[in-house]
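Subject: Structure handover

Hello,

Here is the structure I promised to pass on. Please open it next to this email and follow along.

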2 protein chains.
Amino acid sequence: MQQLKDRILRDGKNLGKGILKVDGFVNHQVDPTLMDACGREFARRFANLGATKILTAEISGIAPAVTTGIHLNLPVVYARKSKPITMPDQVYLTLAPSHTKGRMVELIVSPEYLSNGEKVLIIDDFLASGATILGLVRLAETAGSKIVGIGALIEKIFEGGRAALEPLGVPIESLACIKSLDDGKIEFLD
Amino acid sequence: MQQLKDRILRDGKNLGKGILKVDGFVNHQVDPTLMDACGREFARRFANLGATKILTAEISGIAPAVTTGIHLNLPVVYARKSKPITMPDQVYLTLAPSHTKGRMVELIVSPEYLSNGEKVLIIDDFLASGATILGLVRLAETAGSKIVGIGALIEKIFEGGRAALEPLGVPIESLACIKSLDDGKIEFLD
């Protein structure tokens, strides 16, 4: 998606060690107009999957998941990383490594909002190693839901997440595929 | 806003002790279509403030802030509760009590995205005691920004937050004002 790639080139920062900072429009400051355009694009690509629910992880997945939900008219569930007092005692919980926090984090979903037979579209900000998305897959499968598609704003293909997710046999769509962050550059896959 | 009040009556749960659970459409599962309607309503009410930025707190403020940002065409900054590795060492930080976590949490904003002279519209999910919103006010004022308005999806007027915010002298708008959660009921202010 050219609009997102252009923005990454303009405002993204290659911090080295494979870290791309997009805090100016995705992760801390959000550009709602860009997120809306990304949501519309995900909706177009995933229009025919029969998804019944969108699943993401707090925090940075929320904006693109919600805008995708607007355009697909689907509810969004965001897995929580800590259990609020409003959540029942019995939950679905898994652990996933957080790239930006440097430790394992919990991903928690209430059985109230993810149920048997649901067709789940996963949307997140990054597809890197795939570890967070695989955590969401485990939660959904534990709930008896079926994954029907996976979308990420930005894919870092050199981290191999796509290969980890391909056995699921569902469409995987990224709006900007980054081939390399070597030598301080940002190189997209054409 | 009648659409939000109707949804609270249909799907909200009064858990007692002043806690209203809206996890089915705001806090864990999000109804994007409803959030979009709320964003449109905030945009209508705050159209003439000359706001240059929307400020919210992760996590539950993100959805209504982003949809408001779509309709006002403004960037959204969400204060983080932990500092990711992509954030500079020098940040704006304050502490605020979290109602649902039962402890103090940090609210952190990078100086990159909140600057001197910015006109800030604060949007959050709840206005209860006002403590989180006052934390956002402190962050914005430390950055040299000016608060121009405050919006909350749901106000619990019996917690007194409005009185705590009124000295700021800016418009305070809630889309659903709850008068009482006594006796297991949900009573709106008319």
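In what order do the seven strands of the open sheet that includes β11(A) follow one another? The order is β11(A)-β10(A)-β9(A)-β8(A)-β4(A)-β5(A)-β3(B), and the pairing is mixed. At the edges stand β11 (187-188) of chain A and β3 of chain B. Each has a single partner strand, so one side of each is left without a neighbour in the sheet.

Before you go on, note that this is a predicted model.

**Chain A**

Start with chain A by itself. Its secondary structure comes to six helices and eleven strands. Its radius of gyration is 16 Å, close to the 16 Å that the globule rule gives for 190 residues, so chain A is as compact as a globular protein of that length. Along its principal axes, the C-alpha trace of chain A spans about 45 × 35 × 30 Å.

Now find the end of the sheet in chain A. Strand β10 (residues 172-180) of chain A runs antiparallel to β11(A), and two bridges join them. Across this pair, Ile178(A) stands opposite Phe188(A).

Helix α1 (residues 2-11) of chain A has two sets of neighbours to look at. One is in the sheet: α1(A) lies across β9 (146-156), β10 and β11 of chain A. Its angle to β10(A) is about 35°. The other is helix α3 (residues 32-45) of chain A. These two helices pack at an angle of about 145°, with their axes 10 Å apart. The crossing is left-handed. From α1(A) come Gln3(A), Leu4(A) and Arg7(A); they meet Leu34(A), Ala37(A) and Cys38(A) of α3(A). By class, the residues of this contact are four nonpolar, one polar and one charged.

**Chain B and its sheet**

A second sheet of seven strands is open too, with mixed pairing. It runs β3(A)-β5(B)-β4(B)-β8(B)-β9(B)-β10(B)-β11(B). Here the edge strands are β3 of chain A and β11 (187-188) of chain B, each pairing on one side only.

Where does chain A join this sheet? Strand β3 (residues 29-30) of chain A pairs with β5(B) over two bridges, in the antiparallel sense. Within that pairing, Val30(A) has Val76(B) as its bridge partner.

Helix α5 (residues 131-142) of chain B lies across β4 (53-57), β5, β8 (119-127) and β9 (146-156) of chain B. It runs at about 165° to β8(B).

**Where the chains meet**

How many residues of chain B are in contact with chain A? There are 35, and they touch 35 residues of chain A. On the side of chain B that touches chain A, the elements giving two or more residues are β2 (19-21), α2 (23-27), β3 (29-30), α3 (32-45), α4 (62-72) and β5 (76-79) of chain B. The largest share, five residues, comes from α4(B). That side has 17 nonpolar, eleven polar and seven charged residues.

**How the copies are related**

A rotation of 180°, with 0.0 Å of shift along its axis, superposes chain B on chain A (RMSD 0.0 Å). The two copies are thus related as by a two-fold rotation axis. Of the interface residues of chain B, 97% are also interface residues in chain A, so the copies meet through the same surface.

Best wishes

Notes
Residues numbered from 1 in each chain as written. Chains lettered and ligands numbered in written order. Predicted model: local features only at pLDDT ≥ 70, side-chain atom pairs only at ≥ 80, totals over all residues. Contact = placed C-beta atoms within 7 Å. Helix = DSSP H or I, 4+ residues; strand = E, 2+ residues; numbered from the N terminus. Nonpolar A, V, L, I, M, F, W, Y, C, P; charged D, E, K, R; others polar. Pairing = 2+ DSSP bridges. Axes fitted to C-alpha atoms, helices over the stretch in contact; angles between N-to-C directions. Least-squares fit on C-alpha atoms with pLDDT ≥ 70 in both. Left-handed = near helix turned anticlockwise from the far one by under 90°. Rg over C-alpha atoms; globule rule 2.2 N^0.38 Å.
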